[in-house]
Amino acid sequence: MTQPVRLSAALVQEARTTGETMERSIAGQIEYWARLGRAVEGVLRLEQLQALKKRGDLHALGEAIADTEDNRQKVNAYLAARPFPHFERGPEEGQLVKVDEDGTRTIGHFVGREFKPLDSSLAGPRARFDEAR
C-alpha cells in the first residue's frame, strides 16, 4: 500500500539527482535512503542516536556511520552476534554467500524474500569461495 507524504523540495531534488545517477526513481531513491536509515538505527546504540538527535549534530552522525576500520569492526561484531544464517558478499555481482551455523556456505541470491541457491554443486560444508573474489 502506498502512502502520500510531504517532503521538502530540496530532498526531492537531491533524490532526483542521485536517483538519476544510481538509476532509481525518486521514490526508489528515497526508499533506499529510508532503508539505510533503518539499518543504521540497528547498528548504533540507542543512546548514541538519542544524543545525536538531541544535539542536532549531523556531523557527529556522519562520523558515527563513516566507513572507517573501527566502524567496520563494530558492524562486523554486531552482525556476527546476530542469529544464523549470516550472509556475505558473493564472488560475483548480485551473488550472496549464505553461511549456516555449521559452517556450510552456499552461493545464491534472494528471490522475493527467499534465498535461492545458484547451483547445489557449489554448496558444501566450509566451502571456500575467497579465491573467486
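**View 1. Arg72 and Glu69 in helix H5.** Buried means under 20% relative accessible area, exposed means over 50%, and partly exposed lies in between, as found with a 1.4 Å probe and protein chains only. Arg72 is therefore partly exposed, with a relative accessible area of 38%, and Glu69 is also partly exposed, because its relative accessible area is 47%. The side chains of these residues, Glu69 and Arg72, meet in a salt bridge with an N to O distance of 2.7 Å, a salt bridge being a side-chain nitrogen of Lys or Arg within 4 Å of a carboxyl oxygen of Asp or Glu. Both residues lie in helix H5, three residues apart, which is about one turn of the helix. Helices (H or I, at least four residues) and strands (E, at least two) are DSSP runs, numbered from the N terminus.

This is a predicted model, in which local features need pLDDT of at least 70 and side-chain atom pairs count only at pLDDT 80 or more, while totals for chains, interfaces and linings use all residues. Residues are numbered from 1 along each chain as its sequence is written, and side-chain values use heavy atoms, with hydrogens and water left out.

**View 2. Lys74 and Asp70 in helix H5.** Lys74 forms a salt bridge with Asp70, and the closest N and O atoms of the pair are 3.5 Å apart. The two residues both belong to helix H5, where they are four residues apart, about one turn of the helix. Lys74 counts as partly exposed because its relative accessibility is 46%, and Asp70, at 42% relative accessibility, counts as partly exposed as well.

**View 3. A nonpolar surface patch of Val75, Tyr78 and Leu79.** Patches are made of residues with over 30% relative accessible area and no salt bridge; like charges are joined within 9 Å, and nonpolar side chains (Val, Leu, Ile, Met, Phe, Trp, Tyr) within 5 Å. Val75 is placed in helix H5, which covers residues 69-81, and Val75 is partly exposed, with a relative accessible area of 31%.

View 4. Strand E3 comprises residues 104-111. Arg105 is buried because its relative accessible area is 13%, whereas Glu88 is partly exposed, with a relative accessible area of 30%.

**View 5. The chain as the setting of these views.** The chain has five helices and five strands, which follow the pattern α-α-α-α-α-β-β-β-β-β along the sequence. Of its 133 residues, 18% count as buried, and a search of the whole structure finds five salt bridges. The chain averages a pLDDT of 79, and 77% of the residues score at least 70, pLDDT being the predictor's confidence in each residue, from 0 to 100. Over residues 121-133 the pLDDT is below 50. Where pLDDT is low, the predicted coordinates should not be read in detail.

Key. Contact = heavy atoms within 4.5 Å. Areas by Shrake-Rupley, 256 points an atom, 1.4 Å probe, with all protein chains shown as cover.
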